[in-house]
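Subject: Structure for your review

Dear colleague,

Please find below the structure that I am handing over to you. I would be grateful if you would read the notes that follow alongside it.

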Amino acid sequence: MIRVVFNQKGGVGKSTISTNLAAQSAIAGQRTLLVDLDAQGNSTHYAGVNISDDTLTVSDLFKQVAGWFSSPRPPADFVQATPFNNLFVLPSHPGLADIERELESRYKMFKLKEALHTLADEFDQIVIDTPPNFNFYSKAALIAADRFIIPFDCDDFSIQAIGRLLDNVMELKEDHNRELTLEGVVINQFNSQARLPASLVAELRAQQLPVLEPYLSSSVKVKESHSAQTPLPFYAGSHKVAKQIAALYSGLEQT
Ligand SMILES: Nc1ncnc2c1ncn2[C@@H]1O[C@H](COP(=O)(O)OP(=O)(O)OP(=O)(O)O)[C@@H](O)[C@H]1O
Ligand SMILES: [Mg+2]
């Protein structure tokens, strides 16, 4: 099963949520692959992987599918182990931005789906982190995925962004991936003491959007786990936000 985490708005929690859901899946005994399609490489880093000049990355995989390498390798060669049991990463590379236009002009958007379907035999779950743009890479991810979730950061601009996001994704679904299912909106950095977050979530529900529970609280532990390059379920499994992630994951797996 391939799940994509996407919102074109920056800083809403895509990398945090995709990495932690992948980590939770690994803890649940699922052989899990985290695919990092954002040139910033935040989820690669968070999952404990540091790339070197020799590391094969998702950028190399795209170059290969575009026919830039003379001797192709199996997609599994691009997968890197993490320090965590059952968790693997298809790492990002800063060079993703440089090859985007070339890949787009050569219509390579469907190639990620082919590569991930080859890998789907080797992994129980694949989670894709996306860049904060509706660009070549996020479109390739939405075409490759079975399900998608939208992180929402309880900001007023996010409400405006979500309508545009749904229009974009629904058009892509109609044209290229009719099987794609919206699992729901993950509420991130929810502050139950403040009035605005609750009213924004109420607005999402009023728009008939599937709002997932539990909401994820804001915590400095999340930031600490980033700098420790250790996803929260491994870093502090009994912490409140780790428990929220575990419950969110269980809910997603029941549907
Ligand atoms: N639940 C949380 N509690 C505290 N901090 C959080 C939480 N979720 C995300 N953050 C922080 O918010 C920032 C943005 O999170 P993240 O990088 O996951 O968002 P993103 O959507 O992937 O961003 P980008 O669009 O740049 O890729 C980070 O500094 C992260 O540590
Ligand atoms: Mg990110």
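The notes below take up the ligand site and then the sheet.

Please bear in mind that this is a predicted model.

Ligand site

Ligand 1 sits in the largest pocket. The elements that contribute two or more residues to the shell around the ligand are α1 (14-27) and α9 (220-227). There are 18 residues around ligand 1, and those that come nearest are Gly11, Lys14, Ser15, Thr16 and Ser217.

Ser15 places a backbone N or O atom 2.8 Å from an oxygen atom of ligand 1. In the case of Asp38, an N or O atom of the side chain is 3.3 Å from an oxygen atom of the ligand. The side chain of Asn188 has an N or O atom 3.0 Å from a nitrogen atom of ligand 1. The protein buries 85% of the 630 Å² that ligand 1 exposes when taken alone.

Sheet

The model contains an open sheet of seven strands with mixed pairing, and their order is β3-β4-β2-β5-β1-β6-β7. At its edges are β3 (80-81) and β7 (181-187), each of which pairs on one side only. Within the sheet, β2 (residues 32-36) pairs with β5 (residues 125-129) in the parallel sense, over five bridges. Leu33 stands opposite Ile126 of β5. In general, the strands of a sheet pair through backbone hydrogen bonds, in either a parallel or an antiparallel manner.

Yours sincerely,

A colleague

Key. Residues are numbered from 1 along each chain as its sequence is written. Chains are lettered from A and ligands numbered from 1 in the order in which they are written. This is a predicted model: local features need pLDDT of at least 70, side-chain atom pairs count only at pLDDT 80 or more; totals for chains, interfaces and linings use all residues. Side-chain values use heavy atoms; hydrogens and water are left out. A residue is near a molecule or strand if one of its heavy atoms lies within 4 Å of it. A polar contact is a pair of N or O atoms within 3.5 Å; within protein, one must be able to donate a hydrogen and the other to accept it, and residues adjacent in sequence count only if both atoms are side-chain atoms. Accessible areas come from the Shrake-Rupley method with a 1.4 Å probe; for residues, only the protein chains shown count as cover. On a 1 Å grid over the protein atoms alone, a cavity is a set of points where a 1.4 Å probe fits but cannot get out, and a pocket is an open set with protein on both sides within 12 Å along at least five of seven lines; lining residues have an atom within 4 Å of a point. A molecule sits in a cavity or pocket if more than half of its atoms lie within 2 Å of its grid points. Helices (H or I, at least four residues) and strands (E, at least two) are DSSP runs, numbered from the N terminus. Two strands pair if DSSP finds at least two bridges between them.
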